[in-house]
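User: I'd like to go over the aromatic rings in this protein with you. Could you put the model up before we start?

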Amino acid sequence: MAMNSTLSVIGCGYLGATHAACMSSLGFSVIGVDTDPKKVAMLSRGELPFYEPGLEALLAQEIATGRLTFTSDFSTVADADVHFVCVGTPQSKDGLAADLTYVKSAVSAIAPFLKEGALVVGKSTVPVGTAQSLREQLMQLAPAADLAWNPEFLREGFAIEDTLTPNRLVVGVVNDRAEQILKDVYAPILALGTPWIRADLATAELVKVAANSFLATKISFINAMAEVCEAAGGDITVLAKAIGYDPRIGSRFLQAGIGFGGGCLPKDIRAFMARAEELGAQQAVEFLREIDAINLRARQRVIDVVRTDLSEDLTAYKIAVLGATFKPDSDDVRDSPALDIAMQLHAAGANVVVHDPKGIEPARKRFPDLNFAHSVTDCVKDADLILHLTEWKEYRALDPLVIGNLVKNKMIIDGRNALDRELWRDAGWKFHALGRTN
Ligand code: UGA
């Protein structure tokens, strides 16, 4: 496929906007389509509706080349040879399963405009079996087109890097032609030596949920060990470091704390359980229920420590919460453990004030009743307790001596095991962390 070929990207959220800008940077003409005209207007001006390091600059740069455009008009995809479906698959309102409404409607919306030989490539995370049924749907609507699946593994905060230099490319295809088209699209990335994995449609879909389930399991494993450390008088940070030196285990994703959140891991493991049950394979993924439970328990454990440190009745206390997003370098507050804890303490009557470098507005939208502070100083002023819940770099740079002069009570709980405990203790703070008893 020549570099002047045209691609379309359907759905311009996190995944789609990143993919569109990155594909444009590889030299393709890219049409981004989204049903939300506000999002389209913003993206067309080179503005991102969310925060992702480096992406706004790349977006503006690519728009300026004239290769990258955004629209709400599906008929414009008629020019494209390859169509990437990047719409969301949120958890359904009435259960654990993924809501496939957007994927299905994306395929039917583009179908009338597909040219002969066009390839529709799903990137959204879907329950296994979805690609096959979408392919059948497409065969009815546009028999001259084909469908492949190409799961995405990008992490928020590293979206550009993960798209342009991924650690592998996985394609689910039913014929050589579809594989070749995708090899041509990704030629510059393959040239870097990126591993290429051809799979059938079902395996490609499963790779994605298996990867996220494994990552969730790693996090919940270390959080379970943190619970045992608390019960037995150990230190989870030392334990994690020690087991991580074994290359079979590896040290990454062994950061104990308040657990995983975001728009992917929690909903993906739940959707996996729901789908496995439909397939009669529920026993195989039954452990994910425990992974979910350990994860949610970590939030509760922080609240228990707060009650032990302050009092059962929290109404007289000001609690400063540092961090609202589900992880640093993102403004995403979906299923954020930090925000969940803040909300629960607020509901228990505490005077909770939340700071976050990027997530205040999205957090306020979700929980308008919470109090927010735009500076750490305002947040911690006269606080009885500080909760460090999202490990932004700027929180690690805080000077405990300076902060100590602002608070009422020098007491902090590190929910991410990311602060320098000795530094804070030396400055006279009572310092608690999950999974560290001494
Ligand atoms: C995750 C996967 O890492 C990506 O590979 C995948 O593409 C993406 O989901 C997706 O399905 O789209 P992301 O949601 O951006 O990416 O976040 P992660 O970096 O995986 O972190 C998830 C959560 O786990 C965060 O709340 C983080 O704070 C928490 N975490 C991570 C820990 O509690 N401990 C750790 O050691 C690592």
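**Rings and their neighbours**

Analyst: In this predicted model, the charged end of K358 is placed over the ring of Y51, at 4.5 Å from the ring's centre.

User: And R155, which ring face does that one lie over?

Analyst: R155 lies over the face of F158, and its distance from the ring centre is 4.1 Å.

User: Switching to rings with rings, how many aromatic pairs are there?

Analyst: Searching the whole structure turns up three aromatic pairs. One of them is formed by Y14 and F50, which are stacked, with 4.3 Å from centre to centre and 20° between the planes.

User: Where do Y14 and F50 lie, then?

Analyst: Y14 belongs to helix α1, which covers residues 14–25, whereas F50 is in the loop between α2 (37–44) and α3 (55–65), so this pair ties together parts that are 36 residues apart in sequence.

User: Is Y14 buried or exposed? And F50, buried or exposed?

Analyst: Y14 has a relative accessible area of 13%, and is therefore buried, given that the cut-off is under 20%. F50 is buried as well, with a relative accessible area of 13%.

User: OK, what about W424 and W429, how are they arranged?

Analyst: W424 and W429 form an edge-to-face aromatic pair, in which the centres are 4.9 Å apart and the angle between the planes is 75°.

User: And how accessible are W424 and W429?

Analyst: W424 counts as buried at 2% relative accessibility, and W429, at 4% relative accessibility, counts as buried too.

Conventions:
Residues numbered from 1 in each chain as written. Predicted model: local features only at pLDDT ≥ 70, side-chain atom pairs only at ≥ 80, totals over all residues. Heavy atoms only, no water. Phe/Tyr/Trp six-rings, centres within 6.5 Å; stacked < 30°, edge-to-face > 60°. Helix = DSSP H or I, 4+ residues; strand = E, 2+ residues; numbered from the N terminus. Buried < 20%, exposed > 50% of the residue type's maximum accessible area, 1.4 Å probe, protein only. Lys NZ or Arg CZ within 6 Å of the ring centre and 35° of its normal.
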